[in-house]
Amino acid sequence: MKQTQLSMETMELDHVDIVTSHICNNQCKNCIDKFLGTSNKIISLETIQRFLKVIRKHTDKPLEVLLLGGEPTILPIKQLIDIADLVHHEGFLVMMSTNGKLKKKIIQLIPYYDSIQITVSSDAEIDFWREWSDKINIKLSGDEFLTLEKLNHFVEYTKGFFRRSISMYFTPDFTELCTDQEVWDLLDTLEWKRNGSYLYAFYKGVRIKKCIHGETNIVDEPSVPKVYPNGNYNKTWCNEELDDYLDGTW
Ligand code: SF4
């Protein structure tokens with residue numbers, strides 16, 4: 001697969017990722033973590049601190065630091081709070097992307113996080129999270145189950161949440177999982193902007209994200225530095241080895 005080569009000097013960082021583990025309590029058909037289930041290792045605070053200090057050398061901005069996985073909420077709650085405190089201490093914003101299954105734990109974490117992105121698949125789930133709509137980024141997967149009707153319902157039903165988003169998912173060879181032509185016809189009418197290695201547009205206040213065909217897909221984001229539970233960092237999910245991505249100063 002062709003991958004975009006962008007150096008830290010030339011790219012505008014939008015956010016950085018912390019891959020907290022390769023463990024998950026879900027079994028999605030098109031999991032974004034190709035290393036899922038390969039290790040029980042959980043990322044350490046030391047690794048995160050080291051990673052953030054390297055990122056800080058490249059930007060003064062209060063970038064968003066996104067915890068993902070695997071599933072971040074499988075980490076002990078104390079560790080998730082300690083991570084949030086550490087990220088804030090280093091001058092970044094801290095977010096988490098979760099499947100929303102461990103609801104009690106997520107509710108306990110909300111005060112410590114700037115926002116929590118929760119992927120939902122039903123109105124009942126959306127209703128459950130309404131109480132915390134000022135902190136929850138409510139997300140719909142643009143997968144094989146997405147239809148125009150479902151998209152429009154999501155847009156209407158999630159009004160009031162401070163952030164709403166839809167990620168269009170692709171296979172590694174850039175085949176769209178969503179096959180509803182009406183969805184794509186609608187997306188074609190939007191004004192897309194580039195953000196690093198992906199495109200985004202807004203539809204009635206909902207941020208929609210999609211890959212750039214032939215360049216990168218949703219699981220390979222070369223402009224998003226990632227640190228992994230084993231202490232390595234890299235630009236993609238597909239080559240989990242140390243390289244000179246972060247200036248060779250790791
Ligand atoms: S919730 Fe995320 S990490 Fe877990 S199986 Fe689904 S895509 Fe993979």
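## Ligand shell

Which residues are around the ligand? They are Cys24, Asn26, Cys28, Cys31, Ile32, Leu36, Gly70 and Asn99, where a residue is near a molecule if one of its heavy atoms lies within 4 Å of it. By class, the shell has 5 nonpolar residues, 3 polar residues and no charged ones. In this scheme Ala, Val, Leu, Ile, Met, Phe, Trp, Tyr, Cys and Pro count as nonpolar, Asp, Glu, Lys and Arg as charged, and the others, Gly among them, as polar.

## Basis of the model

The model is predicted: local features need pLDDT of at least 70, side-chain atom pairs count only at pLDDT 80 or more, and totals for chains, interfaces and linings use all residues. Residues are numbered from 1 along each chain as its sequence is written, and side-chain values use heavy atoms, with hydrogens and water left out.

## The chain as a whole

The protein chain has 6 helices and 11 strands; these are DSSP runs numbered from the N terminus, with helices (H or I) of at least four residues and strands (E) of at least two. Of its 250 residues, 54% count as buried. Buried means under 20% relative accessible area, exposed over 50%, and partly exposed in between (1.4 Å probe, protein chains only).

The chain exposes about 11,600 Å², and carbon and sulfur atoms supply 51% of this area. Accessible areas come from the Shrake-Rupley method with a 1.4 Å probe; for residues, only the protein chains shown count as cover. Contacts (heavy atoms within 4.5 Å) between residues at least 6 apart in sequence join residues at least 24 apart in 61% of cases.

## Salt bridges

Side chains of opposite charge can pair when their charged atoms come close. A salt bridge here is a side-chain nitrogen of Lys or Arg within 4 Å of a carboxyl oxygen of Asp or Glu, and the count comes to 6. One of them joins Arg163 and Glu64, at 2.8 Å from N to O. This pair links distant parts of the chain, 99 residues apart: Arg163 is in strand β6 (residues 163–168) and Glu64 in strand β2 (residues 64–68). Arg163 is partly exposed, at 33% relative accessible area.

Asp82 and Lys78 form another salt bridge, with an N to O distance of 2.7 Å. Both lie in helix α2 (residues 77–89), 4 residues apart, about one turn of the helix. Asp82 is partly exposed at 25% relative accessibility, whereas Lys78 is exposed at 55%. The side chains of Asp127 and Arg130 also meet in a salt bridge, at 3.2 Å from N to O. Asp127 is partly exposed at 35%, and Arg130 is partly exposed at 31%.

## Surroundings of His15

His15 is found in strand β1 (residues 15–19) and is buried, with a relative accessible area of 9%. Its side chain makes a polar contact of 3.2 Å with that of Asp17. A polar contact is a pair of N or O atoms within 3.5 Å; within protein, one must be able to donate a hydrogen and the other to accept it, and residues adjacent in sequence count only if both atoms are side-chain atoms.

Leaving aside residues up to four places away in sequence, His15 touches Glu64, Leu66, Val224 and Pro225. Glu64 is also the partner of Arg163 in a salt bridge. Val224 is in the loop between β9 (206–211) and β10 (226–227) and is buried at 2% relative accessible area. Val224 and Asp17 are 207 residues apart in sequence, while their C-alpha atoms are 6.7 Å apart in space.
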